[in-house]
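Dear colleague,

I am passing on to you the structure below, together with an account of what was found in it. Please read the notes alongside the sequence and the coordinates.

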Amino acid sequence: SRSAMEGQLYPYAAGGTLPPAAEQTGYYNAPVTALAFDAAEELLHVGTEDGRMTVTHAPGLERYAGAHVHPHDYQVLTASPLENAHGGVVTVSAARACYTSGGCVKRWTVGERQGIDPMANPLTCGAVDVHQLGGSGRAYVGRSSAEMLQIDIGVGRVSLTAELMPGTCSQGTSCIATGAARGLVACGGFGGELVMRDPRNKLRAETQLSSPAHAAGVTAVAAKGDLVITCGLTADRQGVVSVDPFVKVVDVRIGCRVLNVLQFPAGAVALAFHPKFNGTVVLGGESGLVQTQDADRGGPGSAGAGFFSQAPLDLMGQRLTSLAAASSGEAFAFGDTAGYVHVWSVNDQPTVNAYSRPVEDPPRYAACVERAFERAQYEMAVMHLAQQGQPPPPPPPEFRGRDERDPPPEAPFHLAEDGGVTPPLSFMDPLSTVAVGRCPHIVPKAVLETAKFVDFVGYAPNPHFSRGGVKGEAYRRAAPLRNKRAESREAAALAKRKAATKAKLSTQVGDVRGAAATSPLPPLYHRVEVRLSANRARFEEFDFSEHNRTRLVGLVNDLANSYVNPVLQMLHFTPELRAEVLMGHSCEREFCLTCELGFLSHMLAQPPTRGAGSHSSSSATAQPLNFLRTLRQVREAAALGLIEGRDELETRLDQSKPRRVQAFQRFILEQLHKEDANGSASSLPANAKTKSSSGTAEKTETGCVERLFALVSTQTHTCAQCNRVEKRSSRSFQTDLQYPEKKTWRKGSPSNPTFAECLAKSLCASQEVRAWCDGHGAYTRMAQRKVPKRLPQVLSVNLGMRDPGDLRWWGVDVDSHVLSAAAKAPVEKHWLPQYVRVAVDEEGAGANPGGEGSVRVAQAADDVDALDGDGVTYELTSLVCLARRPAEEDDDDSPGGGLDETGAKKLAGHLLSFVKVTPPYVRARGRFDAAPSPPEGESPGVS
């Protein structure tokens, strides 16, 4: 019966931890403080008060190995076996935590190097959790403060330092046990608390007993499934601390509640669950009394219904200190203060584990001693044969040609899973190639953003799934996401070298992502960055003349907010703006973009110096540091998302470069107009601002920026209900080009609109808005129409290339991949003309008498004389475009791939500017070579 099996415990063996020779010389065994049966071999690990670990055969207790694992002044507090194929134990003392094998070989140590001070904040206990969370396992170590450590057993490093909340073992953790349900870790505190911690949530307290389990502290705890048992200390009214005669049984299925209280008058100092029978506990008293009881029932003493058996240990007046149970349930080990270990069993041939590997017996003598014996025997045989006149025998192969001074042979690699067939990595040639399989899988960024994690498992919806779609279509389309793998370093480096060779870049120049992306752009338009070693001056030793052989100065492109460089170059090469605004502006403001832009334009106008050593190369570039620093101080720029930076600036930044540079073009013209108007108003004489007889202020002179770039239009709002018409004047420095609807486009059709037609529609825009109507005093729908009234001298057009699909109007095959032959084929007819002529019909005149006015736009490809009619003629002088990197756009995990904040596909690349440079910036149109020096009285670049 069950009670008969559990009630019969017999003494099997007893022994100390010292070798027989040490006992004969008068040494005493140190008290045993920790016991643990090995989980892989028939061994017993014994920890003593002097920090030594001794391994004995189990259950016979023959000495197997020993080592001083912990410092001599600190006892071994706990020993926790590793239930895996390697075996060994993790031991904890006040100074360190160590993992040792069955032969007492130290695998790793966590101690003083990791900041553990045994005097200020010592370690107190430990436990091992191998199977609950998978992997190599974790070790949990308690401290005397409100702190716990989590150690990765595989590498021996502290992976987590958990700060304990007040009331949850805040006075220190006295004992730890693993094996509870749901992977919880049971922790007992010096204040008597019992806390169940969740290792999946950084060891935070999931639940705990509402009252202390033991008044003066918990000394031991054990967990198995839904049950946790504790023993500890209690104190009377005078404060005298003694062993608590009651053992608490706690149910952790729903919270923490005391299920039963076991009476043990001897006072339990060690306890453990029976490995073979559920709900059966083994209790050990300080006097040596051992009982087995039923945790579900319990009872008062030996007469209780839950009592099974008891066995008194003959400790010869010593005290019981520790207890360990074999995983088979056939052997139990007990340690006492005399330094002896007592093994009790249920039969005459007990085993420690059901399936243990054979224990490797160590050699009786060291290898050097064995070789010395063999050499001595060989020398004696040689001498004996020499006396008889016979030749010497051949030397044994073990030491043939060897000497004790020779280095020892290489030890075999015995831990290989294939039995030593494959050599370890340290044995291999460093230049050899090893097949390691394919690169690891990676999870795309688009999938991670929508994934939800539950217990370390992420669940993400299929981005290609659509309700009512073809069965299996979403699964097939998601196959590239599942099979995506990381690119090896060698393959990435090889692709980059091929792309750099193809682009014919200099050895000093590295193409960050343009060449590596195998862009179809010509090498002239690839992004070039300075690549120098750290000990070299950047702009003083880099040869810029290798990439700029003209007399025009360029701008550096590796500064923050350097995306504005193409716009700055475009403004610099506008002669009217430079002559009337930039070169003649002066103010006393601390942060003025007009002043800084004028200073930058002056720097760009200076020709590079010649014959000045390294300075001649650095003078070929200009650094817009002052302008960019002033730009960061303008609050309007930060509010529009134009500033690159950290923290709040990065959150406002528009991630799309096309949208950002279009917004910057609009902002810089508005800012120049505002600063020019303020400067002009402050410089007017006192009698310039007067009032007429009617009391209204006279109109001041129009500013230079407004006269150059402002498009003055008349806006007409017509109410949809009362037909009330309201007119107002508006000003804009940039015209947004409006494209027709995509459904009206026909491939190769001559009916597709031209640039002139799109520009005419954009200048005379009509739309429906919702605004306030003074006629009937309510918000209503209104028809808004805008007609130009005065055209600027310089027409700034925002081409609005936010969607790559708009390139279809330019004659590009957008349906084909950007790297395909169809997409890279040259455009047969250029959609953007070189000349346009804009004519404005006043109200009630021209082709629309009595109307609201209209705009006529004509275009010519190359010849301005081909334009008919009157009006203002504009020539295409500058263009800012985006050089795309299609390979990076297709990669959702790259910085330039995926979707932006608006849900549109990101366009990866860098910005370029195309400018028609004419005199006075160069001596002759089309001549960009560097002249030796300008004639006397002429200054290059000054209008």
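In this predicted model, Glu-206 and Arg-182 form a salt bridge, with their closest N and O atoms 3.2 Å apart. Glu-206 belongs to strand β17 (residues 204-208), while Arg-182 sits in the loop between β14 (173-177) and β15 (185-189), so the pair ties together parts that are 24 residues apart in sequence. Glu-206 is partly exposed, with a relative accessible area of 39%, and Arg-182 is also partly exposed, at 41%.

Another of them links Arg-781 and Glu-768, at 3.6 Å from N to O. Arg-781 lies in strand β40 (residues 778-790) and Glu-768 in strand β39 (residues 766-773), so this pair ties together parts that are 13 residues apart in sequence. Arg-724 is partly exposed, with a relative accessible area of 34%, and Glu-726 is partly exposed at 23%.

I turn next to the nonpolar cores. The largest has 39 residues, of which Leu-568, Leu-571, Phe-627, Phe-664, Phe-667 and Ile-668 touch the most other members. Several helices each supply at least two residues of this core: α9 (565-572), α10 (575-582), α11 (593-605), α13 (625-633), α14 (635-639), α16 (657-683) and α17 (704-709). Which helix gives the most? That is α16, with seven residues. Leaving aside residues up to four places away in sequence, Leu-568 touches Leu-555, Leu-597, Leu-600, Phe-627 and Phe-664. A second, separate core consists of 24 residues, including Tyr-739, Ala-756, Trp-809 and Val-857.

Helix α11 can be described in more detail. Its buried residues are Leu-593, Thr-594, Glu-596, Leu-597, Gly-598, Leu-600, Ser-601, Leu-604 and Ala-605. At 1.5 Å a residue, the 13 residues of α11 should span 18 Å, and this agrees with the 18 Å between its end C-alpha atoms.

The remaining notes concern strands and sheets. In general, strands of a sheet pair through backbone hydrogen bonds, either parallel or antiparallel.

Strand β42 (residues 835-841) pairs with β44 in the antiparallel sense over four bridges, and Val-838 has Val-872 in β44 as its bridge partner.

Another open sheet has four strands, in the order β1-β29-β28-β27, again with antiparallel pairing. Strands β1 (10-16) and β27 (320-325) stand at the edges with a single partner strand each, so one side of each is left without a neighbour in the sheet. From one strand to the next, the twist averages 20°. Strand β27 is joined to strand β28 (residues 331-336) by five bridges, and the two run antiparallel. Within this pair, Leu-320 stands opposite Asp-336 in β28.

Finally, strands β12 (residues 147-152) and β13 (residues 157-163) pair in the antiparallel sense over six bridges. Met-148 has Ala-162 in β13 as its bridge partner. The hairpin of β12 and β13 has four residues between the strands, and in this hairpin Gly-156 takes a positive phi near 70°.

With kind regards

Terms used: Residues are numbered from 1 along each chain as its sequence is written. This is a predicted model: local features need pLDDT of at least 70, side-chain atom pairs count only at pLDDT 80 or more; totals for chains, interfaces and linings use all residues. Side-chain values use heavy atoms; hydrogens and water are left out. Two strands pair if DSSP finds at least two bridges between them. A nonpolar core is a set of buried Ala, Val, Leu, Ile, Met, Phe, Trp, Tyr and Cys residues joined through side-chain atoms within 4.5 Å. Buried means under 20% relative accessible area, exposed over 50%, partly exposed in between (1.4 Å probe, protein chains only). Contact means heavy atoms within 4.5 Å. A salt bridge is a side-chain nitrogen of Lys or Arg within 4 Å of a carboxyl oxygen of Asp or Glu. The expected span of a helix is 1.5 Å times one less than its number of residues. Axes are lines fitted to C-alpha atoms, for helices over the stretch in contact, and angles run from 0 to 180 degrees between N-to-C directions.
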